[in-house]
Amino acid sequence: MKPALTGREVDSFYHLSDVPMDHRCCRGTSCFAAKHLDGATWRKALEQSPPVYCLGKCYASPSTTETTGDPPVQFACSDPIVLAGVDAFDQQSLEGYCRHGGYSALEKARASAPEKTVAEVELSQLRGRGGAGFPAGRKWRSVFCESAVTKYVVANADEGDHGTYIDRFIMERVPHRLIEALALAGHAVGARKGYIYLRKEYPVAEAAVRKAMGEAESVLAGFEIELIIGQGSYVCGEETSLLNSIEHRRPEVRARPPYPTAHGLFNMPTLVNNVETLASIPWIVLHNGAAYAARGFSRSRGTKAVSLNSLFKRPGLYELEFGVPLRYILEELGGGLVSGDFKAAIVGGPLAGLIHPSEFDVPFGFEEMAAIGGAMGHGGIVAFDSNTRMLELLAHIFDFGAIESCGKCTPCRHGTRRAQQLFATAAYERHLSDEESRELRSILNALARTSLCGHGTGLAVFAESIFEKFAEEVAPCFS
Ligand SMILES: Cc1cc2nc3c(=O)[nH]c(=O)nc-3n(C[C@H](O)[C@H](O)[C@H](O)COP(=O)(O)O)c2cc1C
Ligand code: SF4
């Protein structure tokens with residue numbers, strides 16, 4: 001095993017190691033989309049170094065660390081699961097959470113065999129909400145079946161996808177739901193220790209989770225939880241990079257296999273799940289897996305939280321049943337845009353295809369979104385109006401992509417920066433030459449085919465979707 005590194009070799013990887021989280025302007029895509037609403041804040045975000053990507057205040061973009069105010073929380077489903085209680089402040093304490101039935105799922109699970117909980121998660125057909133949509137039950141079963149004495153469970157609270165602030169508010173308003181779920185996961189798969197990997201950009205969530213961890217000690221019955229605060233790296237949300245970060249190694253992405261379920265944290269079987277995924281678990285345990293699977297549609301079961309950016313007339317957090325048309329979310333729930341017509345939307349972060357308004361009737365589900373070249377991702381929705389020029393958007397996304405590359409694959413390490421330069425040239429200076437256009441195509445091709453993780457492949461998919469769906473606008477700039 002490679003020895004753990006210390007000092008600058010590790011710290012230099014991160015953007016925010018020694019950076020206080022005040023007076024920082026967000027350079028995320030939601031703030032990019034809304035830059036015409038407050039040009040001064042956006043310009044400051046561009047000037048600041050290091051950049052800060054996504055403060056999770058996309059409902060008030062362009063935002064800063066000093067932006068105050070909370071997003072409205074609304075339920076477009078009966079019996080909400082993950083956002084229940086997020087619309088109020090009375091479940092932040094252990095006492096308040098228990099008053100609403102908190103920790104009764106843990107009690108119920110502990111009264112039966114761990115395998116029963118694993119089986120219920122399988123029956124629920126719950127899929128990961130962190131991006132990939134992988135069946136949670138399959139992961140839980142894999143870790144459960146490992147014979148190692150030491151196993152770990154990890155909550156991925158890095159929520160780096162621009163436009164997404166779902167996990168943030170679950171942790172701020174109902175932090176015990178995450179803690180209960182982590183303890184449930186530990187009980188089910190046989191882990192006595194859990195980690196929460198939380199981004200530095202969320203100081204309020206950090207305080208809420210820290211306080212809740214202290215309060216919960218009495219109910220956790222020896223299950224230990226450690227809170228790790230990220231130091232500003234988008235790619236640390238990728239699960240293997242995250243595990244390296246916890247181990248204090250340089251947090252590059254690990255090649256798979258082996259998968260974390262067999263060789264994860266400190267080489268031990270490890271369950272990594274996203275915060276929203278975990279937030280579904282207490283409900284599943286209390287109501288059973290079949291009741292969860294009875295909701296939703298197609299291969300997307302249960303409910304999903306989505307977050308809408310500041311260009312919407314009604315930005316905020318919504319929990320809904322899968323299967324509704326995307327248009328319903330954008331136009332009925334979100335109320336359309338404050339600034340005219342939709343030009344496009346990103347669903348679930350910038351590592352998937354852009355959605356064109358002609359595709360808005362797609363039913364909201366994992367496979368259905370993928371069929372139009374998009375993704376469910378994390379559920380953050382960033383809408384763009386006619387103020388967004390697609391070449392500028394490409395330059396912005398590839399700037400982010402280059403800054404956040406972990407550097408392991410050459411096309412991503414060097415290619416993203418070169419692609420950003422070419423997109424910026426086309427956006428702000430002149431049309432690209434034949435040679436430059438060919439170079440750009442070959443970078444995108446290499447990114448799509450050779451990247452080790454979804455960062456590189458996703459950036460290529462994003463660019464290709466704009467070439468295809470906004471050809472009239474961008475094609476004249478390339479030879
Ligand atoms: C570049 C990159 C960034 C990611 N960032 C996050 C993140 O911030 N939060 C998250 O939960 N998953 C993120 N993921 C997905 C994780 O690798 C992993 O699939 C997820 O944590 C598993 O949990 P789930 O099955 O509950 O979704 C990211 C993936 C990639 C490729
Ligand atoms: S695609 Fe980029 S971020 Fe992903 S492993 Fe390769 S270099 Fe790292």
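View 1. Helices (H or I, at least four residues) and strands (E, at least two) are DSSP runs, numbered from the N terminus. Ala, Val, Leu, Ile, Met, Phe, Trp, Tyr, Cys and Pro count as nonpolar, Asp, Glu, Lys and Arg as charged, and the others, Gly among them, as polar. This is a predicted model, in which local features need pLDDT of at least 70 and side-chain atom pairs count only at pLDDT 80 or more, while totals for chains, interfaces and linings use all residues. Residues are numbered from 1 along each chain as its sequence is written, and chains are lettered from A and ligands numbered from 1 in the order in which they are written.

**View 2. The surroundings of ligand 2.** Ligand 2 is surrounded by 14 residues, and the closest are Cys-406, Cys-409, Cys-412, Cys-453 and Gly-456. At least two residues of this shell come from each of α18 (410-428) and α20 (454-469). Seven residues of the shell around ligand 2 are nonpolar, five are polar and two are charged.

**View 3. The open sheet of four strands.** The strands follow the order β4-β3-β2-β5, and their pairing is parallel. Two strands pair if DSSP finds at least two bridges between them. At the edges are β4 (224-229) and β5, each of which pairs on one side only. Neighbouring strands of this sheet are turned by 20° against each other on average, direction ignored. Axes are lines fitted to C-alpha atoms, for helices over the stretch in contact, and angles run from 0 to 180 degrees between N-to-C directions. Between β2 and β3 (residues 193-198) there are six bridges, and the two strands run parallel. Within this pair, Ala-157 stands opposite Leu-198 in β3. Helix α11 (residues 239-246) packs on the sheet and touches β2, β3, β4 and β5; the direction of α11 makes about 105° with that of β3. Two residues are in contact if their C-beta atoms, placed from the backbone, lie within 7 Å.

**View 4. Strand β9 and its partners.** Strand β9 (residues 316-321) has five of its six residues buried, so it is largely enclosed by the rest of the structure. A residue is buried if 20 or more other C-beta atoms lie within 10 Å of its own, exposed if 12 or fewer, and partly exposed in between; C-beta atoms are placed from the backbone. Strand β1 (residues 73-76) runs parallel to β9 and is joined to it by four bridges. Strand β8 (residues 303-308) pairs with β9 in the antiparallel sense over six bridges, and Leu-308 stands opposite Gly-316 in β9.

**View 5. Ala-148 in its loop.** Ala-148 lies in the loop between α7 (136-145) and β2 (152-157). With 15 other C-beta atoms within 10 Å, Ala-148 is partly exposed. Leaving aside residues up to four places away in sequence, Ala-148 touches Met-268 and Pro-269. The C-alpha atoms of Ala-148 and Ala-262 are separated by 9.1 Å, although these residues are 114 residues apart along the chain.

Note on methods
A residue is near a molecule or strand if its C-beta atom, placed from the backbone, lies within 6 Å of it.
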